[in-house]
Each structure stands twice: as C-alpha cells, then as structure tokens.
Amino acid sequence: MEIYIDSSKERNYKFRKNRTEEIIQNIENIVSRIRGNVVLAREKGINFNYIDEPIEIVNAEIIADCMEEIEREEPRFNVEEIKILENQELAKIKIVVIGDVKDG
C-alpha cells in the first residue's frame with residue numbers, strides 16, 4: 001500500500017470510515033504536522049528547522065522524522081519505506097509512505 005501525502009491539496013475527511021481509511025487518514029495527519037504547532041503536544045510533528053541544509057540532508061531528516069512519528073503514533077501500520085518526491089522548480093516535496101496495515 002502506498003500513501004501519497006501532498007500538503008498542497010485540500011483533504012476531505014470522513015467520519016464514518018473503515019479501519020484502513022482511518023489509518024491512512026491518521027498517517028496523512030501525522031506527516032502533515034509541523035513540530036511545535038500542535039497545541040498541548042509541541043513535541044509531535046516533523047522538524048523543519050534544517051530546511052536550509054543541502055537537499056540530501058533535508059530528505060534524510062524528513063524520512064527519519066516521518067518514520068519515528070508514524071511508529072509512535074500509528075502502531076497499526078508497518079512502514080516499509082518512505083520516499084521523498086521533489087519538485088525543485090516549485091521548491092516543494094511530496095512524501096510517499098509505503099507499508100501495510102497490521103492484522104488485528
């Protein structure tokens with residue numbers, strides 16, 4: 001299963017969803033949070049303080065942060081790989097999370 005997270009697009013949240021849809025929505029939320037912006041949970045989110053570093057370092061840090069956040073916040077999902085899709089002309093990235101929903 002691949003989950004594409006594009007923070008530039010509007011999301012339509014479902015309130016009556018099945019287990020897989022709930023997990024995907026949670027992962028989208030987890031990866032979209034910026035560290036320090038979550039009220040009463042400032043430690044949650046992705047750290048973007050290294051944004052002026054070389055792109056290889058930024059990508060590695062974002063992947064590591066995403067992996068840690070998903071493993072901590074969504075234990076029902078097994079992350080196999082996280083990829084960064086770059087659009088250097090627009091200075092934007094898209095995050096792709098690859099993995100499986102755990103049985104249970």
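Trainee: Which residues does Ile 70 touch, leaving out those up to four places away in sequence?

Mentor: A contact means heavy atoms within 4.5 Å. With residues up to four places away in sequence left out, Ile 70 touches Ile 27, Ile 30, Val 31, Pro 75, Phe 77, Val 79, Ile 82 and Val 97. The model is predicted, so local features need pLDDT of at least 70 and side-chain atom pairs count only at pLDDT 80 or more, while totals for chains, interfaces and linings use all residues. Residues are numbered from 1 along each chain as its sequence is written, and side-chain values use heavy atoms, with hydrogens and water left out.

Trainee: How many residues has the largest nonpolar core, and which have the most contacts inside it?

Mentor: A nonpolar core is a set of buried Ala, Val, Leu, Ile, Met, Phe, Trp, Tyr and Cys residues joined through side-chain atoms within 4.5 Å. Buried means under 20% relative accessible area, exposed over 50%, and partly exposed in between (1.4 Å probe, protein chains only). Here the largest core has 18 residues, and Ile 27, Val 31, Ile 70, Phe 77, Ile 95 and Val 97 have the most contacts inside it. Two or more residues of this core come from each of S1, H1, helix H2 (55–73), strand S2 (77–87) and strand S3 (92–101).

Trainee: How many helices and strands does the protein have, and in what order do they run from the N terminus?

Mentor: Helices (H or I, at least four residues) and strands (E, at least two) are DSSP runs, numbered from the N terminus. This protein has two helices and three strands, in the order β-α-α-β-β. Its radius of gyration (taken over C-alpha atoms) is 14 Å, close to the 13 Å from the globule rule for 104 residues, so the protein is as compact as a globular protein of that length. That rule is 2.2 Å times the number of residues to the power 0.38. Along its principal axes, the C-alpha trace spans about 40 × 30 × 25 Å.

Trainee: What share of the 104 residues counts as buried?

Mentor: The share is 30% of the 104 residues. As for contacts with a separation of 6 or more, 48% of them are between residues 24 or more positions apart.
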